[in-house]
Amino acid sequence: MEKRVIDGVEIAYRIMGDAGARPIVLIHGLTANMRDWFLSARALASAGWRVLTPDSPGHGASASPDDPDAYEIARVAGRLHTLAVETGFAPAVIVGHSMGGAIAEEYAIRNPEAVTALVLVASAGGSPRAYRRTPAMDAFAAEERTLAFEQGMEAVWDLHQERGTWMSARGLRPEVQAYLKDRFCRCSARGYIYGDEKLHARRNTVEDLRRFAKPSLVICGENEEALMQGTSAELAATLPNAKTVTIPKAGHSPQSENPAAFNAALIDFLKGVPNRPEVRGVDLDAQTRCAHWHSPLDVIAIKMKCCGVYYACKDCHDALAGHAAQTWPRDEWNTPAVLCGVCSHEMSVADYLGCRNVCPCCGAPFNPGCRNHYHFYFADV
């Protein structure tokens with residue numbers, strides 16, 4: 001496990017998989033933590049993916065800020081996006097479960113250039129869905145809040161077992177009950193209470209998701225409660241490029257309840273997510289920065305005329321290729337040969353030279369100083 005301070009909050013995370021593998025980020029739900037994804041992370045790493053599993057603020061080993069606004073869904077999404085960028089997981093496939101689904105939606109809406117595909121598992125996002133509250137429900141919520149802040153999360157767990165409410169583990173094997181209690185108690189009182197409050201106060205993301213055209217997958221367990229099934233159905237109808245999968249013998253947490261079926265469905269979907277061309281370089285990061293050029297603006301790679309392979313820069317080619325570089329002749333400037341390292345958009349040489357140092361697809365700024373090196377790559381420039 002590693003930790004990193006993001007916007008003043010210490011975030012715990014794990015990375016699994018080979019350094020050169022395609023990146024994917026798994027975001028857990030309310031009262032959960034990165035361990036919820038262990039079986040999926042292991043399967044994904046074995047299938048050739050590099051996996052980032054963070055603990056959200058107030059959950060697992062991450063810090064628990066005093067400020068209730070630190071748990072607002074969009075702010076959590078922003079912190080996790082910053083973590084992904086800093087650890088080389090942008091762009092990446094973004095997967096979110098339950099509250100993590102709501103976080104993943106905001107992540108994708110606010111940072112589409114950093115998302116290659118979106119997977120929503122029993123998402124608690126979409127449009128806030130009305131359900132009828134009763135005085136008994138309000139009284140229980142108030143009792144929970146008091147217990148959480150005065151006696152701690154174990155007291156809240158015991159209350160749920162006593163009342164048989166949504167967190168009840170009655171009838172489960174003792175070792176499963178012990179695991180669920182430990183997971184619940186690793187969530188802080190602030191993470192639980194403030195996180196739940198901010199989840200219920202979230203904005204409607206439906207209209208924004210209608211414009212998210214990248215590959216998407218909506219996953220729902222066949223035994224999920226009706227309210228959450230409705231959310232999944234709404235999201236599947238909203239996302240313009242969405243597929244749906246129902247996981248048999250599973251309810252709200254199919255990644256834990258039927259991991260074999262869940263992992264098979266997820267990996268099958270990922271096979272259809274477009275992969276950007278291979279980029280080679282020295283100390284290459286996920287956005288094609290290298291040992292030679294690594295400012296925030298150094299996010300293009302160039303397909304070398306001599307070998308047809310993308311390199312982060314000429315110096316990387318000279319260090320790794322074993323042959324002399326060649327330049328693109330002017331009559332071949334319509335060939336796709338420049339790659340945006342942020343969104344993986346391929347441009348022709350002519351389009352790149354005319355883009356005014358801004359990606360025409362995602363708007364990422366490019367280094368204007370690259371013009372001083374055009375002659376290494378493009379003839380007669």
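This is a predicted model: local features need pLDDT of at least 70, side-chain atom pairs count only at pLDDT 80 or more; totals for chains, interfaces and linings use all residues.
At what angle do the axes of helix α4 and α5 cross? The answer is roughly 150°, and the two axes come within 7 Å.

| Helix pair | Axes come within | Crossing angle |
|---|---|---|
| α4 (residues 135-150) and α5 | 7 Å | roughly 150° |
| α5 (residues 153-163) and α6 (residues 174-185) | 9 Å | roughly 135° |
| α2 and α3 (residues 99-110) | 8 Å | roughly 70° |

Take α4 and α5 first. Their crossing is right-handed. On the α4 side, Phe 140, Glu 143, Glu 144, Leu 147 and Ala 148 take part. They meet Met 153, Ala 155, Val 156, Leu 159, His 160 and Arg 163 of α5. By class, this contact has seven nonpolar, one polar and three charged residues.

Next comes α5 with α6. The axes cross at roughly 135°. Because of that angle, α5 is oblique to α6. The crossing is right-handed. Helix α5 brings Met 153, Glu 154, Val 156, Trp 157 and Asp 158 to the contact, and α6 brings Gln 177, Leu 180, Lys 181, Phe 184 and Cys 185. Six of these residues are nonpolar, one is polar and three are charged.

From α2, the contact uses Ile 73, Ala 74, Val 76, Ala 77, Leu 80, His 81 and Ala 84. From α3, Met 99, Ala 102, Ile 103, Glu 106, Tyr 107 and Arg 110 take part. The classes are ten nonpolar, one polar and two charged.

**The second largest pocket**

How many residues line the second largest pocket? There are 33, and Arg 22, Pro 23, Asn 275, Arg 276 and Ala 286 lie nearest its centre. The pocket holds about 820 Å³ of space. Several strands give two or more residues to the lining: β3 (22-27), β4 (49-54), β5 (92-97), β6 (115-121) and β9 (279-280). By class, the lining has 18 nonpolar, seven polar and eight charged residues.

**Backbone features**

Most residues other than glycine have a negative phi, and most peptide bonds are trans. Two places in this model depart from that pattern.

Which residues does a cis peptide bond join? They are Ala 90 and Pro 91, with omega about 5°. Pro 91 sits in the loop between α2 (73-86) and β5. Strand β5 is also one of the elements of the pocket lining.

The other case is Thr 288. This residue is not a glycine, yet its phi is positive, at about 75°. Thr 288 lies in the loop between β9 and β10 (300-303). Strand β9, at one end of that loop, gives two or more residues to the lining of the second largest pocket.

Methods:
Residues are numbered from 1 along each chain as its sequence is written. Side-chain values use heavy atoms; hydrogens and water are left out. Axes are lines fitted to C-alpha atoms, for helices over the stretch in contact, and angles run from 0 to 180 degrees between N-to-C directions. Helices (H or I, at least four residues) and strands (E, at least two) are DSSP runs, numbered from the N terminus. Angles under 35 degrees count as roughly parallel, over 145 as roughly antiparallel, 65 to 115 as roughly perpendicular and the rest as oblique. A crossing is left-handed if the near helix is turned anticlockwise from the far one by less than a right angle, and right-handed if clockwise. Contact means heavy atoms within 4.5 Å. Ala, Val, Leu, Ile, Met, Phe, Trp, Tyr, Cys and Pro count as nonpolar, Asp, Glu, Lys and Arg as charged, and the others, Gly among them, as polar. On a 1 Å grid over the protein atoms alone, a cavity is a set of points where a 1.4 Å probe fits but cannot get out, and a pocket is an open set with protein on both sides within 12 Å along at least five of seven lines; lining residues have an atom within 4 Å of a point. Grid points are joined across faces, edges and corners, and a volume is the space filled by probe spheres set on the points.
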